[in-house]
Amino acid sequence: MADLRTSIGKLELANPVMTASGTFGYGTEFADFVDLDRLGGVIVKGTTLYHREGNSYPRMAETPAGMLNAVGLQNKGVDYFCEHIYPTIKDYRTNMIVNVSGSAIEDYVATAERINALEAIPAIELNISCPNVKQGGMAFGVTAKGAEEVVRAVRQVYDKTLIVKLSPNVTDITEIARAAEAAGADSVSLINTLLGMAIDAERRRPLLSTVTGGMSGPAVKPIALRMVWQVAKAVKIPVVGLGGITNGTDAIEFMLAGASAIEVGTANFIDPAVTGKIIDEINAYLDRHGFASVRDIIGALEV
Amino acid sequence: MKKYILDLTVREALAVGKQFVLLRLTSENPLPEMLPGQFVEVRVDETPSVLLRRPISIHYYDKDANELGLLVQLIGNGTRWMATLRSGDVLNVVLPLGNGFTLPADKTVRPLLVGGGVGVAPLLYLGMRLKEMGVTPTFLLGSRTENELMQIAEFEKYGPVYITTENGAVGEQGYVTQHSVLAREQFGQVYTCGPKPMMVAVARWAKGAGVPCEVSLENKMACGVGACLCCVEDTKEGNVCVCKEGPVFSIDKLSWQI
């Protein structure tokens, strides 16, 4: 049994496996399948200052080895989260991390401030990269200046671990990562979904109500891996890797590329118990290769 | 209800007409309790174009035989893969999912079960459960032609079956909402599953007749447990997940124009 503990800045994780926001609800939806307390962390559904209805149906289209979604940050707002959801998740021993989204800097700040007061939430993941929000979301994440502004503003009010989630829909993701680091982020996580599109040729109509949406699943893994590798070399803060991870080997690859921890997203839909298996598979890999600690493989890629 | 991920064994995969397959599934261990109207998510393997599980409604659950029946319409690569299964094959299934139909509290209520196309599937198990509790269901099943009518003899075990086909080959010609039984008899509860235009028409008829009506929806879904928020239906309480809050809804809750 290898030592699976890792960390994201001050945040200690029992192991590197976390769940990606928007794919695991508030964790409780998967409690019949996975012992949530075994996970390194659960990143709960994107939370905004106010209630959002999200986009119209249809919001999902399956694509080869992947899927597109256009959920559009449907959630009941941060007050509802604090009053009704937080009490149901606060006693889990895993790291419950809240993904924070917004459409204006003031909204991000106000939401982060509310979450900062919640004792059992040790970190937030700032979503500056959701491609579905017409105003805001995308704009902050696609320029270094926008990323720096929103991260700096949130940093002023948030004193726990601040992870910034990056969009892959940019010319140079390392530039955005460096901007987030300069603005005080403790970590960056990547990649969010890739902007994509699907068409029903028979009906000559788009498959999503929003025409375009965010692509995820195994098909995006090579792109995610490449970006994690580039960003890990560009910043000093820890990197959290995600994008198409479905098994332990995928997770190991992201860590070799430089990730200190990983997130599992779309794979939860295919096998709701997959996160537990990934923990076991990481451990088996470490034992097989004689590594005493999972930390030994972070950035251990030989090129 | 607790949900399970189970490897079930195919007892038999029966072709039903050209467009459907009936999967009879079992397990070494007793299958968990399942309610009529609930569904399962089937893992589809070995097809590169299929990533997500396929939601399939529970056609029947036979506790004594420890058997789960799925009636699958062959539509795309995922369902066509299911048609290649043979006796002894293993199928990975997440179940039971969703809420299920509300069984009547009053046993004197006469329920009408209206199905169209593959939407007839969950109505068999609902009919079985109604019959068990001493309520005789009336089935009204519709299809375009005689080729899409399935399992009629199975439905007849539990109650009278009325049929409409659009080409008039079997039963009365036309749509389910045009069947003469609706004018002839009184019903106290309607349950329906099928193509959305049919369910809307049934809901409109039920509302007009002042009869409570539940519909089972089949919005495209990914997770099946209320996490991804992809399969939402617009209701009077906003967007809700069909996989978790449904698939069965009272028509009073939906934002349908009826």
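Chain B of this predicted model is divided into domain 1 (4-97) and domain 2 (111-216); the bounds come from an automatic or database domain assignment. The C-alpha centres of these two domains of chain B lie 23 Å apart. Across the boundary, 14 residues of domain 1 of chain B are in contact with 13 residues of domain 2 of chain B. Contact here requires C-beta atoms, placed from the backbone, to lie within 7 Å. On the domain 1 side, β5 (60-62) and β6 (67-73) of chain B each supply at least two residues. Strands (E, at least two residues) and helices (H or I, at least four) are DSSP runs, numbered from the N terminus. By class, that side has seven nonpolar, six polar and one charged residues. Ala, Val, Leu, Ile, Met, Phe, Trp, Tyr, Cys and Pro count as nonpolar; Asp, Glu, Lys and Arg count as charged; the others, Gly among them, count as polar.

Residues are numbered from 1 along each chain as its sequence is written, and chains are lettered from A, and ligands numbered from 1, in the order in which they are written. Local features need pLDDT of at least 70 and side-chain atom pairs count only at pLDDT 80 or more, while totals for chains, interfaces and linings use all residues.

The contact between the chains takes 28 residues from chain A and 24 residues from chain B. On chain A, β5 (60-63), β6 (66-69) and α8 (267-270) each supply at least two residues of the side that touches chain B. This side of chain A divides into 14 nonpolar, nine polar and five charged residues.

Within chain A, helix α2 (residues 105-116) packs against helix α4 (residues 144-157) at an angle of about 30°, with the axes 9 Å apart. Axes are lines fitted to C-alpha atoms, for helices over the stretch in contact, and angles run from 0 to 180 degrees between N-to-C directions. The angle makes α2(A) roughly parallel to α4(A); the term covers angles under 35 degrees. Residues in α2(A), including Y108(A) and A112(A), meet residues in α4(A), including V150(A) and A153(A). This contact has eight nonpolar, one polar and two charged residues.

Helix α4(A) also packs with helix α5 (residues 173-182) of chain A. Their axes come within 8 Å and cross at roughly 25°. This makes α4(A) roughly parallel to α5(A). A144(A), A147(A), E148(A) and V151(A) in α4(A) meet E175(A), I176(A), A179(A), A180(A) and A182(A) in α5(A). The contact has seven nonpolar, no polar and two charged residues.

Key: Angles under 35 degrees count as roughly parallel, over 145 as roughly antiparallel, 65 to 115 as roughly perpendicular and the rest as oblique. Two residues are in contact if their C-beta atoms, placed from the backbone, lie within 7 Å.
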